[in-house]
Amino acid sequence: MNMQDYNQLEDIVGKSLEGKIGAYWVRHFREGVFLKEAFLFVLGLYQEAKTKLTGRLAFVYSEPWEREFYENLFDDVFGYLPSDLPRPSKRNPLQRALMFSSKQVMEVIDKLTNSNTSAPHSLLCDQEKIVEYLRGFLHRSATVTYTQKTMESTKTQKKWPRVQLRAFTHKGNLGNDIVTLLGKLGIQANYNQGRLLIDNFGSLKSLIDFCLLRPSTKSKLENILNEVRRYWNSAVPVSDEFLSYGLRRDIKEQLLRNKYLLNSSESKGCFYPNA
């Protein structure tokens, strides 16, 4: 972060504290809190979930590891554990939610994101910070789905993976900002009518390599990519048709090495616990 961006953050945080220190304001945080990489995960998580900012951070969970993960995350960022409250739904009556209330934090988020219409560009000054922010943004709603691609040479249809984010109706440039940030990691994404879609093979692999997906989604995508890779590696000859879906460089490398499976242990920077 350059000095201008830091001064801007310092000014935003300072204004959020005016008149709120003391008995009236118990939880107040200085700019160091908002410079933590883990805060970027929280910020991405919250921005994706909310079209309009509220006075508290609330995250629904149903798996035990998620509760531990969120609690450790908030303790690391803010030094407080969120409240754990029932949040039943028709699909999951045992569902719960972790809630963290801080009007000051929400005021800072509001300023950093232009009222949730853009990514917090002033904080995203290097690749590590971009990765952390995108991990949070993709955490809840990124899902692996399928489409069918017809291979003209064999007249057969093959299952093809894609990762998509649920439709979100944020105003402003947030959707396009996410596409731009993914592009800085070499990940091709399309954003249209509120839906984010990634279906290029190399880009899907990069989602795994950068550990941008939650464990269950990452494992599912790995399995599908292995299946696709085995099929395309076994195709003789390897035609331009097979290579036209983002596999050209990758499949040449695999044919040379005669190695078919993704090695997930090569992924760097993964911080999720085992699901």
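**Exercise 1. Aromatic pairs**

How many aromatic pairs does a search of the whole structure find? Describe the pair of Phe29 and Phe100, and then the pair of Phe78 and Phe100.

*Solution.* The model is a predicted one.

Step 1. The search of the whole structure gives 14 aromatic pairs.

Step 2. A pair of aromatic rings is described by the distance of the centres and the angle of the planes. For Phe29 and Phe100 the ring centres are 6.4 Å apart and the planes stand at 40°, so this pair is tilted. Planes under 30 degrees apart would count as stacked, and planes over 60 as edge-to-face.

Step 3. Phe29 lies in the loop between α1 (3–17) and α2 (31–34), while Phe100 belongs to strand β3 (residues 96–101). The two residues are 71 residues apart, and their pair links distant parts of the chain.

Step 4. Buried means under 20% relative accessible area. Phe29 has 5% relative accessibility and therefore counts as buried. Phe100, with 2%, counts as buried as well.

Step 5. Phe78 and Phe100 form a stacked pair, with 4.6 Å from centre to centre and 20° between the planes. Phe78 is in helix α4 (residues 64–78) and Phe100 in strand β3, 22 residues apart. Both Phe78 and Phe100 are buried.

Step 6. Ring pairs join a cluster that includes Phe29, Phe78 and Phe100, with Phe41, Phe59, Trp65, Phe69, Tyr70, Phe74 and Tyr80 also among its members.

**Exercise 2. The largest pocket**

Determine the volume of the largest pocket and the make-up of its lining.

*Solution.* 

Step 1. The volume of the largest pocket is about 410 Å³.

Step 2. Its lining consists of Val60, Tyr61, Ser62, Glu63, Glu66, Tyr70, Ser89, Arg91, Asn92, Gln95, Arg140 and Arg214. At least two of the lining residues come from β1 (56–61), and at least two from α4.

Step 3. Sorted by kind, the lining of the largest pocket has three nonpolar, four polar and five charged residues. Tyr70 of this lining is also a member of the aromatic cluster.

**Exercise 3. Positive phi angles**

Are Ser115 and Cys211 buried or partly exposed? State also where each residue is found.

*Solution.* 

Step 1. Ser115 is not a glycine, yet has a positive phi of about 60°. Ser115 is located in the loop between α5 (103–112) and α6 (127–139). With a relative accessible area of 42%, Ser115 is partly exposed.

Step 2. Cys211, likewise not a glycine, has a positive phi of about 55°. Cys211 occurs in the loop between α8 (201–209) and α9 (215–234). At 2% relative accessibility, Cys211 counts as buried.

**Exercise 4. The whole protein**

What percentage of the 275 residues counts as buried?

*Solution.* 

Step 1. The protein has 11 helices and seven strands.

Step 2. Of its 275 residues, 47% count as buried.

How values were computed: Residues are numbered from 1 along each chain as its sequence is written. This is a predicted model: local features need pLDDT of at least 70, side-chain atom pairs count only at pLDDT 80 or more; totals for chains, interfaces and linings use all residues. Side-chain values use heavy atoms; hydrogens and water are left out. Rings of Phe, Tyr and Trp (its six-membered ring) pair if their centres lie within 6.5 Å; planes under 30 degrees apart count as stacked, over 60 as edge-to-face and the rest as tilted. Helices (H or I, at least four residues) and strands (E, at least two) are DSSP runs, numbered from the N terminus. Buried means under 20% relative accessible area, exposed over 50%, partly exposed in between (1.4 Å probe, protein chains only). On a 1 Å grid over the protein atoms alone, a cavity is a set of points where a 1.4 Å probe fits but cannot get out, and a pocket is an open set with protein on both sides within 12 Å along at least five of seven lines; lining residues have an atom within 4 Å of a point. Grid points are joined across faces, edges and corners, and a volume is the space filled by probe spheres set on the points. Ala, Val, Leu, Ile, Met, Phe, Trp, Tyr, Cys and Pro count as nonpolar, Asp, Glu, Lys and Arg as charged, and the others, Gly among them, as polar.
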